[in-house]
Amino acid sequence: MTAHEGVGWSRDEMAERAAMDIPDGAYVNLGIGIPELVATHVPEGREFIYHTENGLLGMGPSPEPGGGEPELINAGKKRVTAVPGAAYFHHADSFAMIRGGHLDLCVLGALQVSHDGDLANWSTGGPDAIPAVGGAMDLVAGVKTVFVITQHTTKDGTPKLVEACTYPLTSPGVVDRIFTNLAVIDVTDEGFQLVQLAPGASYEMVASKTDAPIKPMSENPAREGTTP
Amino acid sequence: MIDKRIGTPAEAVADIPDGATVMIGGFGEAGSPIELIHALIDRGARDLTVVNNNTGSGEVGLAALIKERRVARMICSYPRTANSTVFPELYRNDEIELELVPQGTLAERIRAGGAGIPAFYTPTSVGTPLSEGKEHRRFDGREYVLEHGLTADFSLIKAKVSDRHGNLIFNKTARNFAPVMAMAGRTTVVQADAVVDAGDLDPECIVTPGIFVQRVVEVTEPLQESELVAQGVSYP
């Protein structure tokens, strides 16, 4: 955000802010990218169990650089560790956990989110794009609460929070809460609702960078550190 | 006496014909039966339909099979991975067909195929381009899409240990699709790091029962895809 030096949250701070809203004891699936950083910001006194869809409950931190093993990896195919009490399982069981509503929460990245909670995060639909969906559609179809972490706009300033997604949907109406570099925003039956502003951000700034109506906080007091 | 052991990867895949549907285990390199894939390349079968979560990386294993133009059609969830260049190039040139399937739907289609279930309804992909043209139905007020079970002529998978009956245990996240692909393959071929006698595995700990396995070949020190890619190896 070159136009607003010093304004807003960094990638790490966005992840830290999202982690504050995950309840103790939750079974959580973290998407690839900024969502992966959530695991490094577990609030004091809470324990989350991380699920990775390629067959591990109880995913631990990355091994030391150069360490780990090639057959213990996460959904992004990076080497990880397993915590004491972890369990391995096959893919159909893994997605039974996801689709069957057994996971409490997932944190995903986004290309676009609409004010109806539609999520687009798997394809730009471009003629030269290689479509790749992975487990995103299964996650949003089955996991109880869906968090999105994303920059508020693209690098060229185009809003990612919109009235209607122009990219192919991952699913309609699934996103519960959005953590951007500028704000925490809920998706409600009446559309976007500002929950919290990042340091230095204003309602007017957030509204001007959002391509859909957004209700200011005065209509719904901030609920920092709570879950929707 | 039941003995599913076969001497070499080449013998284990010697009857895979042109036009076969082949499921190949693995999620990225974890669980990829690389020696069996290389034997399939040597075997020369063409016009294959391959089911795998990805499309391989570098120019070894599955990527090499694709590079050698043996694969007419890929069924997968994520054909875009680091070091995956072979598939994207063929796909952009319309030289390979892609059926893109959400990962959980792919796993369940394979499980269903292996379990004798011809089709099932799932909420995954409803309201997206991937459910277009498919039968939809409402249950308890929610919309679902009909997906068909998948079976294969051959499944090629990797296990940590097999006994001579084909009872299998796996290594960590290398398990991934292998157990369901073993169920869905009419002929399931396993490469195992170790093959032991019947009774050497604890029956309580067996992940895939041997009834789902037809052939077992021991590969004691399997190649690792990421190492080969790092060394710039190209197969054959």
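# Chain B, term by term

Author: Leu156(B) has Val189(B), in β11(B), as its bridge partner. The model is predicted.

Reader: What makes β9(B) and β11(B) a pair of strands?

Author: Count their bridges. β9 (residues 152–163) and β11 (residues 185–196) of chain B share 10 bridges. Pairing needs at least two bridges, so these strands pair. Their sense is parallel.

Reader: How many bridges link β11(B) to β12(B), and in what sense do they run?

Author: There are 4 bridges, and the strands run parallel. The cut-off is at least two, so β11(B) and β12(B) also count as paired. β12(B) covers residues 215–218. Within it, Val216(B) stands opposite Val190(B).

Reader: Why is Ile75(B) called buried?

Author: Its relative accessibility is 3%. Buried means under 20%, so Ile75(B) qualifies. This residue sits in strand β4 (residues 71–76) of chain B.

Reader: Which residues is Ile75(B) in contact with, leaving aside neighbours within four places in sequence?

Author: Among them are Thr49(B), Val50(B), Val51(B), Leu106(B) and Leu150(B). Each has heavy atoms within 4.5 Å of Ile75(B), which is what contact means here.

Reader: How far is Ile75(B) from Asn54(B), in sequence and in space?

Author: They are 21 residues apart in sequence. From C-alpha to C-alpha, the distance is 8.7 Å.

Reader: What makes α2(B) mostly covered?

Author: Of its 10 residues, 8 are buried. They include Ile34(B), Leu36(B), His38(B) and Leu40(B). Each of those residues is therefore under 20% relative accessible area. Just after α2(B) comes Gly44(B), with a positive phi of about 95 degrees.

Reader: What about Asp94(B): buried or exposed?

Author: Exposed. Its relative accessible area is 71%. The cut-off for exposed is over 50%, so Asp94(B) passes. Asp94(B) lies in the loop between α4 and β5 of chain B. Its phi is near 60 degrees, a positive value in a residue other than glycine.

Reader: What is the phi of Asp47(B), and where does that residue lie?

Author: Asp47(B) has a positive phi of about 60 degrees, although it is not a glycine. Its place is the loop between α2 (34–43) and β3 (48–51) of chain B.

Reader: What is the omega of the peptide bond from Tyr235(B) to Pro236(B)?

Author: It is near 5 degrees, and the bond is cis. Pro236(B) is in the segment after α7 (225–230) of chain B.

Reader: Now the contact of the two chains. How much area do chain B and chain A bury between them?

Author: About 3,400 Å², with 62% of it on carbon and sulfur atoms. On the side of chain B, Phe27(B), Lys172(B) and Thr173(B) lose the most area, together 19% of what that side buries. The contact takes 48 residues from chain B and 37 residues from chain A.

Reader: What makes Glu71(A) and Lys158(B) a salt bridge?

Author: Their side chains meet at 2.9 Å, N to O. The limit is 4 Å between a Lys or Arg nitrogen and an Asp or Glu carboxyl oxygen, so the pair counts. Chain B and chain A have 3 salt bridges between them.

Reader: How many residue pairs are in polar contact between the chains?

Author: The count is 21, with both residues at pLDDT 80 or more. On the side of chain B that touches chain A, α4, β5, α5 and α6 each supply at least two residues. The largest share, 6 residues, comes from α5(B). That side of chain B divides into 20 nonpolar, 19 polar and 9 charged residues.

Key: Residues numbered from 1 in each chain as written. Chains lettered and ligands numbered in written order. Predicted model: local features only at pLDDT ≥ 70, side-chain atom pairs only at ≥ 80, totals over all residues. Heavy atoms only, no water. Buried area = accessible area lost by both parts, 1.4 Å probe. Polar contact = N/O pair within 3.5 Å; in protein donor to acceptor, adjacent residues only side chain to side chain. Nonpolar A, V, L, I, M, F, W, Y, C, P; charged D, E, K, R; others polar. Buried < 20%, exposed > 50% of the residue type's maximum accessible area, 1.4 Å probe, protein only.
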